[in-house]
Amino acid sequence: MATSTLGAAWLVDESDKLNKKKPKRIVKHKKKAWRVTSNVEDVERFLESKRLDERLGAPLEDRPSDSLFVVDTKTEADKPVKSEPTKKRKIKEIGPLRCYAILTPNSAVTDPLKKRNRVRRPEERGDPLLRKIMEERRANGKIPTRFLQSMKHHQENVEALAKKKKPERLRTTFDFDLWGDAGDSLMIGDKKVSALDLSDELKTYTMEKMGKRIYSRPPTMFKKTTGLKPVEYPHPGTSYNPTYQDHQALLKEAYNLETKEMKEEVRTRRRLGPMLKKIPVQRKEEDWWSEMTQGLGDDEEPAKEEEEEVPCVRPTKPKTRKQKIRAKALKWQDMRRKKLKEAKKRLLEFDRLRSIRREIRKSEELTAKRIEIRKKEKEAKMFKPAMLGRHKYVPPPIEVNLSEEITGTLRGLKTEGHVLIDRYKSMQRRNIIEPRIRQTVVFKYKHKVFTKRSHSEPKGLKVGNRDKDKTPVQ
Amino acid sequence: MGPMKKKYEAGEATKYITRAQALKKLQLNLKDFRRLCILKGVYPREPNNRKKAQKGKLDKKTLYYVKDIRFLSHEPLIWKFRDFKVFMRKMKTAMEKGDKETVARLKENKPSMKLDHLVKERYPTFMDALNDLDDCLTLCFFYSTLPRDTKVPANLISLCRRLTVEFLHYVIAAKALRKVFISVKGIYYQVEIKGQPVTMLINHQRGFKPTSASDVDYRIMTNFVDFYTSMLGFINFRLYHSINLQYPPKLPGITVKEDATDEDAVEEYNELVAALNSSLVTNVPQAEEEIQIDEFPSAEGAEKLEEAKREAEAIERLKSLFKGLKFFISREVPRESVVFVIRSCDGEVSWDPSIFAGATYDETDESITHQIVDRPSVDKQYLSRYYIQPQWLFDCINFRRLLPVEDYFIGANLPPHISPFVTERLGDYIPPERQMLLALQRGETLPAEQEEEEEEEEDESEDDSSDEEEEEGKVEKKEPTKSQVVKEKKGMKVMRGRVEMPDVKGMEEEDKEHYKFRELMIRNKDKRLYRSMMKNRRNREREAKRLENKRKQHEKEEKSLKKSTSSGKALTAKWSIQPLSATSDTQTKKMKMM
């Protein structure tokens with residue numbers, strides 16, 4: 001079929017002509033042909049209209065006019081004048097959109113399968129006979145008491161809900177003296193008890209009788225975690241219009257801190273520099289290979305050597321009875337000798353009573369000294385941030401205006417630092433919260449790799465290869 | 001001997017619990033646990049021996065006392081947390097379903113927490129609460145300035161604003177302000193409540209400076225503020241009642257119904273309260289009585305008693321420092337801090353009604369004595385008032401007396417603003433400005449200072465009579481009576497016994513000798529410490545002397561400069577860094593580069 005496009009067009013034309021020439025042959029005496037030859041359009045139309053009527057109900061002509069029209073007896077003035085409809089109301093007025101009409105169940109056709117298992121409506125449920133009796137009773141005005149009861153309860157509930165008090169005191173209203181008489185009482189169960197009256201006996205009593213215990217705060221919680229002040233006094237150099245000396249002192253402090261940091265940075269760079277070398281990919285692979293294959297090739301040989309070197313150990317001979325007795329005697333002798341030595345030493349110590357006293361005094365002095373040192377250390381610790389977690393406390397940078405930033409007026413003041421950060425750091429410094437680095441969750445999705453179809457070589461059987469595949473089978 | 005004890009079943013190891021264990025025990029998530037800890041005041045602890053406390057594990061963990069966590073487990077708030085979790089779950093489902101009715105019903109019954117019992121539990125007495133007020137105030141003041149669109153709940157911000165304004169009203173009414181310091185970070189105020197100094201830091205009224213998440217955790221700080229608002233509310237209540245004020249604060253003359261639904265009216269009223277410009281309604285008018293210091297007959301405490309008396313007098317003076325003065329604030333001056341400072345020293349103040357509600361008089365009022373201005377020049381000036389820069393107010397409070405206004409005139413080169421919080425050790429260098437401040441605080445009067453002040457007083461008396469003058473007069477009157485005793489006439493027969501002048505020189509020498517003997521008496525044990533102490537003191541003195549000389553030199557140079565150049569240039573010369581030595585010069589240069 002290796003013809004040009006023009007040639008193909010010619011061919012198509014010819015085939016069309018050939019098709020037209022062939023007339024369809026119809027056998028007229030068979031029932032099958034009736035459908036083709038006879039025109040039943042009018043019948044179809046009638047049936048279709050009837051089906052539509054079935055679906056939508058009776059045709060308009062047949063319906064009583066009461067169901068179609070309403071006699072408007074009210075005057076126009078009686079109707080309330082609607083204010084400008086909002087967007088929502090407009091949609092409500094228009095009703096559901098036409099495009100959704102098809103989704104609504106509007107068929108009037110009854111289910112042809114009467115036995116189909118479906119969910120019964122509430123009025124269909126239950127015994128029809130019983131239902132009938134109940135309906136009759138209701139018509140007579142006899143309503144079962146439980147219905148009445150439930151109606152009453154419902155009404156009561158609704159009323160109670162309406163009456164229900166809001167939480168008696170909002171958190172934003174402060175209307176009593178917490179440290180006064182009112183604040184000194186506690187609620188135990190539903191009784192108000194003055195905190196002063198709460199002796200230990202009462203505590204135990206309430207615990208036994210009411211199953212509720214009053215837990216007191218552990219005394220360690222009242223101890224201060226730090227000796228630092230909550231709001232530290234500012235350095236005089238941080239004044240917006242400082243004296244020359246104060247400002248220079250603060251500037252020098254900040255400078256020292258900065259140089260220290262820079263020095264540290266230089267040091268780390270120098271130390272880490274050689275580690276952060278650029279390594280070409282090829283060498284990296286080689287390194288990886290050499291690392292991974294380390295000890296694989298030459299592991300077996302030395303193992304053999306070791307086996308050879310292991311000396312054979314002769315099993316130990318059990319001690320004879322004579323040997324055992326001798327060993328025991330020796331042990332006893334040794335013990336006796338030691339005891340004697342000790343007694344002798346103790347006797348001798350009577351002579352050096354004075355020196356012993358000196359020793360005792362010295363050791364006591366040492367302990368006293370140690371106690372003092374520890375006490376001092378503990379006190380000093382109160383002024384330092386403790387190690388409360390994984391991260392160390394990092395002091396905030398010193399806030400200082402540079403010399404050219406000082407204008408000397410309140411209007412031209414350049415602010416430094418942030419009060420909230422200052423508070424946050426201060427709390428960390430005072431061991432109230434642990435310093436931490438904010439953890440943020442980073443979702444790393446796996447990369448899915450596709451190859452574009454146009455780029456990939458087609459897989460599967462090639463037409464040209466079909467023959468080749470088949471040949472060996474033959 | 002009983003059975004052998006296992007490792008880590010006694011001692012340090014049983015005292016601590018790790019955070020993860022605590023979470024498991026309390027069945028809370030980390031967020032709720034942190035919140036609970038902050039509310040209850042449970043802090044992580046550092047063990048003495050970390051290896052033992054962590055049962056042999058070496059990585060550093062956050063540890064808590066077991067007893068603290070056990071105490072936490074009895075807290076009824078935990079149940080509230082759980083209720084809230086369930087509530088949130090229900091809300092979420094209803095929201096997703098679009099069930100508005102359920103959402104409304106759930107919102108109606110939202111579980112709420114009260115923290116009153118925690119305040120009482122953490123601070124059993126009122127004094128305990130006052131001890132911890134510094135933190136509370138600083139944080140609440142900061143939160144009150146936050147913009148509404150931050151992650152912080154808006155009602156918390158407005159509550160903070162309300163409570164802090166109430167506190168400022170208390171300080172104004174009680175005249176409790178003692179020290180002020182304007183730093184680059186914010187303004188430090190020291191307030192004395194029931195004899196306790198409370199320091200607070202309030203940020204400058206500038207735009208909101210956002211922070212990055214790595215700098216500070218807003219969620220944690222919000223928890224703190226949540227607790228502090230409850231605490232501050234109760235403290236305010238008690239403080240107001242202690243000075244016979246109605247709480248919540250009420251302005252005289254203006255009545256807004258408590259249950260008024262009109263939000264605008266309520267907001268307007270709140271703004272008037274926040275203006276800080278009118279004193280509040282008192283419960284019962286009470287006659288003020290002067291507090292007199294009890295005198296105890298003690299030999300060695302006489303000097304101290306004298307000092308205390310002088311201090312009390314100075315504070316009394318501070319309380320009515322601006323009495324009779326009428327201020328007007330220009331638009332560029334930070335209104336709130338200036339009004340607070342003036343009002344807490346009994347001054348009258350007003351401002352342009354376009355900046356804030358609550359202005360009482362106009363700029364055109366002739367009886368205004370001082371106008372506070374912070375710009376280089378003003379077009380229209382009234383002759384009857386001083387135009388001064390705001391620093392004058394703050395310095396006056398720190399010096400505890402009215403300073404000469406000349407140094408603070410509009411466009412003048414301001415004297416340095418010195419920190420009132422510095423305490424010097426013996427032998428430290430004290431700059432002359434600070435020396436003057438200390439002397440004035442002590443109640444002494446410097447000769448040069450007094451003259452200027454008298455001048456000032458005369459000026460003031462033209463405008464309106466001030467109480468200061470009377471005080472000055474009293475001081476002057478006392479002095480001549482003393483001198484009269486010495487200048488008695490000699491013509492009488494019975495000569496009055498002459499006062500034998502004590503041999504000052506001899507006494508001093510004797511003192512010195514005594515001192516030397518006492519030095520000799522020092523035990524060998526303490527001798528080294530004493531020596532090092534004295535050495536340090538000598539070093540400090542030397543350094544102070546060096547700085548003093550330098551200062552003198554510097555002032556001399558400045559004087560010569562002033563003569564040669566205009567005053568505008570002098571300002572820049574004052575603040576340009578002058579090298580301490582060759583090295584310091586390079587240092588400052590580096591600082592600039594950084």
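**Gln371(B)**

I began with Gln371(B), which counts as buried because its relative accessibility is 2%, where buried means under 20% relative accessible area, exposed over 50% and partly exposed in between, with a 1.4 Å probe and protein chains only. The model is predicted, so I kept in mind that local features need pLDDT of at least 70 and side-chain atom pairs count only at pLDDT 80 or more, while totals for chains, interfaces and linings use all residues, and that side-chain values use heavy atoms, with hydrogens and water left out. Residues are numbered from 1 along each chain as its sequence is written, and chains are lettered from A and ligands numbered from 1 in the order in which they are written.

I placed Gln371(B) in strand β8 (residues 370-372) of chain B; helices (H or I, at least four residues) and strands (E, at least two) are DSSP runs, numbered from the N terminus. Taking contact as heavy atoms within 4.5 Å, and not counting residues up to four places away in sequence, I listed Phe328(B), Ser330(B), Glu363(B), Arg385(B), Tyr386(B), Tyr387(B) and Ile388(B) as touched by Gln371(B). I also noted that Gln371(B) and Gln389(B), 18 residues apart in sequence, are 8.4 Å apart from C-alpha to C-alpha.

**Ala412(B)**

Gln389(B) came up again among the contacts of Ala412(B), which, leaving aside neighbours within four places in sequence, also include Glu406(B) and Asp407(B). Ala412(B) lies in the loop between α16 (391-399) and α17 (432-441) of chain B, and its relative accessible area of 25% makes Ala412(B) partly exposed. The C-alpha atom of Ala412(B) is separated by 8.4 Å from that of Pro376(B), 36 residues away along the chain.

**Backbone checks**

I looked up residues other than glycine with a positive phi, and one of them is Asp346(B), with phi near 75 degrees. Asp346(B) is in the loop between α15 (335-343) and β7 (348-351) of chain B and counts as partly exposed, because its relative accessibility is 27%. Another is Asn431(A), where phi is near 60 degrees; Asn431(A) lies in the loop between α14 and α15 (466-473) of chain A, and is buried because its relative accessibility is 7%. I also recorded a cis peptide bond joining Tyr247(B) and Pro248(B), with omega about -10 degrees, and placed Pro248(B) in the loop between α12 and α13 (263-274) of chain B.

**Helix α14(A)**

The buried residues include Val419(A), Asp422(A), Arg423(A), Lys425(A) and Arg429(A). What covers the buried residues of α14(A) includes elements of chain B, namely α10 (133-144), β5 (196-203) and α12 (218-242).

**Nonpolar core**

Of its 136 residues, Leu133(B), Tyr143(B), Met221(B), Phe224(B), Phe322(B) and Trp392(B) touch the most other members. The largest share of this core, 14 residues, comes from α12(B). For Leu133(B), not counting residues up to four places away in sequence, I noted contacts with Phe167(B), Ile193(B), Val198(B), Met231(B), Leu232(B) and Ile235(B).

**Cavities**

I searched the whole structure for cavities, each a set of points on a 1 Å grid over the protein atoms alone where a 1.4 Å probe fits but cannot get out, with lining residues having an atom within 4 Å of a point. The lining of the largest cavity draws on both chains, including Ile432(A), Ile433(A) and Glu434(A) together with Phe33(B), Arg34(B), Tyr64(B) and Phe224(B). Helix α3 (residues 30-40) of chain B gives the most to this lining, with four residues. By class I recorded 10 nonpolar, no polar and two charged residues, with Ala, Val, Leu, Ile, Met, Phe, Trp, Tyr, Cys and Pro counted as nonpolar, Asp, Glu, Lys and Arg as charged, and the others, Gly among them, as polar.

Notes
Core = buried A, V, L, I, M, F, W, Y, C linked by side-chain atoms within 4.5 Å. 1 Å grid on protein atoms, 1.4 Å probe; cavity = no way out; pocket = protein on both sides within 12 Å on 5 of 7 lines; lining within 4 Å.
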